[in-house]
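Dear colleague,

Please find below the structure that I am handing over to you, together with its sequence. My findings follow directly after it.

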Amino acid sequence: MESAIRVRSLTKAFGKNVALEGIDFQSHPGINIILGPNGAGKSTLLKCIDGLYRPEKGSVRVFGQDPYTNDGLKSRLSLLTENYALYDFLTVMQNMSFFGRLYGLRDDDIAERTKEVLGQLNASEYIGSKVYTLSRGTKQKVALCRALLNDPEILMMDEPTAFLDAYAAQAIRDLMLRFTKERKTVLFVTQKIDEVTRYNGMITVLRKGRIVKQTTTEGLYRSLLKDSYVNVRVARPIGIADARHIPFFAGTNQDRATFLKFKVSSYKDINIITGHIAKMGSYVVSVDYTEPFIEDLSV
Amino acid sequence: MDFSNAYAIAVKDMKEVFSSVEIWGPMLGVPLFFSLMLPLLTFYVTRYAAPNIANKVLASTVTASGATGFNAVFMTFFSINVLGPIFLTMPILTAAVIAADSFAGEKERKTSEALLATPISSAELLVGKIMASFVPATLLTVGVFALYGFVTNWLAMQQFGVSILPTLPWLMMLATSPFLAIVTIGVVVWVSSHVKGTKEAQQISTLLVLPVLVIPFISILGIVDLTSMFFAYLMLVLAAADVAIIYLGIKSFRKTAIR
């Protein structure tokens with residue numbers, strides 16, 4: 001199947017500052033993630049794909065066309081940027097009407113779609129409010145609503161759950177997953193490993209303007225949990241002498257422990273640990289790992 | 001080009017401008033103040049200082065007006081030749097304020113990211129934003145001229161028993177304002193693509209008022225007569241500039257200028 005997005009040898013610079021260099025990327029139906037620290041070039045890549053920036057070298061093709069020169073292509077895409085990009089002195093509905101009209105939608109369709117999406121995000125009550133009166137999180141919900149107005153085939157998002165409370169963040173994740181069930185493409189950028197591991201998606205790790213790894217959630221766990229520590233919480237305490245017989249045991253600070261530390265060389269070791277604990281008659285409540293900083297992520 | 005998209009952009013920009021008292025307050029307040037205070041100044045000068053000033057004004061300039069009677073002639077001269085051009089700064093200032101907010105403001109507030117992600121063309125964006133600045137600037141100028149004319153006439157009727165406005169040169173002066181507005185918007189578009197924010201765009205663009213403010217001086221000195229023919233020539237020059245600006249603008253304007 002032809003990729004909706006295909007980027008070849010892309011280089012983008014701002015003056016002498018090279019933001020992206022030699023980027024090769026192609027999307028897959030479903031969730032595609034660009035992961036990288038601040039300044040990696042994630043947002044710039046998204047804007048190149050949306051046609052906001054013209055590449056210095058290389059090419060960007062969306063549905064086989066150049067997004068920088070094909071205005072009509074934009075009706076099939078949507079971009080939710082890190083800035084909510086709404087008009088502060090207009091109401092939520094006025095913002096939606098404006099953007100909806102530019103997508104060629106009828107007013108009643110715009111109103112229906114707005115109510116539907118804001119309802120899903122638990123933000124219907126703000127439909128008549130001016131944007132500047134809203135909290136940062138609510139603005140983010142409204143911006144997502146705007147991004148979904150045109151029912152895009154490709155949805156691109158820059159840190160979509162930043163500034164959101166847990167409920168709203170989960171609502172956005174659910175919305176993204178529903179979107180992908182229609183075989184559409186979601187491409188989002190983030191610097192949060194925790195966000196990435198919530199999806200079984202294709203992950204591109206970007207650092208200093210270059211792609212350093214293209215992987216999957218499983219592959220990312222392989223990197224994350226290589227020679228690292230995990231903490232296991234159990235419901236029934238385990239004596240220290242018994243705990244020492246569990247493979248990979250690395251310590252605890254209790255004689256009869258409900259919180260144990262293990263050093264694993266792979267995520268597969270976790271199954272061995274939990275299997276042993278179950279055989280000992282205890283119950284695993286949770287397995288946590290210390291998430292590395294994205295800057296320290298070994299790829 | 002889809003005019004409905006340009007219209008939607010223009011309506012959105014106007015709604016934004018008139019939703020913020022910080023923008024429309026000074027934009028309406030200053031012209032209103034001028035259109036009330038300047039006729040009073042005209043009246044005061046005519047009533048108390050005219051004889052001394054009149055000696056210094058060239059006869060040919062004074063006789064350009066059609067009024068009769070010293071006071072009426074002088075008040076007509078002062079209203080059109082000295083204070084009239086001040087009102088020609090209104091389309092420039094208003095268009096500069098709105099256009100700078102419209103073009104550079106989108107960039108500054110980063111709303112351009114969402115706007116440019118829609119399927120609008122560069123021509124639709126440019127025409128929409130020109131309309132958003134042109135319509136309020138022109139309507140405001142017409143309103144201000146009307147109010148200024150009304151107050152001036154009322155004072156003239158009360159004191160001298162004559163109605164002195166409108167005259168043909170005064171109406172021709174008013175007719176040049178839409179052409180001035182378009183020139184201003186053209187300059188703002190160009191400036192906005194080279195600066196980071198609204199303030200820089202406004203400050204540079206409002207320099208356009210300087211040539212207009214020279215008009216009263218060259219009129220008093222008798223270098224030019226502000227006749228109907230003068231304004232007809234001025235309109236021709238401005239119209240040519242407008243055509244060039246719109247043609248070159250649509251041809252060369254890129255949406256990314258507001259990015």
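In this predicted model, chain B has 259 residues, and 48% of them count as buried. Its secondary structure consists of eleven helices and zero strands, so written from the N terminus the order of elements is α-α-α-α-α-α-α-α-α-α-α. Among the contacts in chain B with a separation of 6 or more, 85% are between residues 24 or more positions apart.

Which residues of helix α9 in chain B are buried? In this helix, which covers residues 198-205, they are B:Thr198, B:Ala201, B:Gln202 and B:Ser205. These four lie on the same side of α9(B), because the arc they cover around the axis is only 95 degrees. The general rule behind such a pattern is that an α-helix has 3.6 residues a turn, so residues three or four places apart point the same way.

I turn now to the contact between the two chains. Chain A contributes 22 residues to this contact, and chain B contributes 18 residues. On the side of chain A that touches chain B, β5 (77-80) and α2 (92-102) of chain A each supply at least two residues.

Yours sincerely

Technical notes: Residues are numbered from 1 along each chain as its sequence is written. Chains are lettered from A and ligands numbered from 1 in the order in which they are written. This is a predicted model: local features need pLDDT of at least 70, side-chain atom pairs count only at pLDDT 80 or more; totals for chains, interfaces and linings use all residues. A residue is buried if 20 or more other C-beta atoms lie within 10 Å of its own, exposed if 12 or fewer, and partly exposed in between; C-beta atoms are placed from the backbone. The arc is that of the directions from the helix axis to the C-beta atoms. Two residues are in contact if their C-beta atoms, placed from the backbone, lie within 7 Å.
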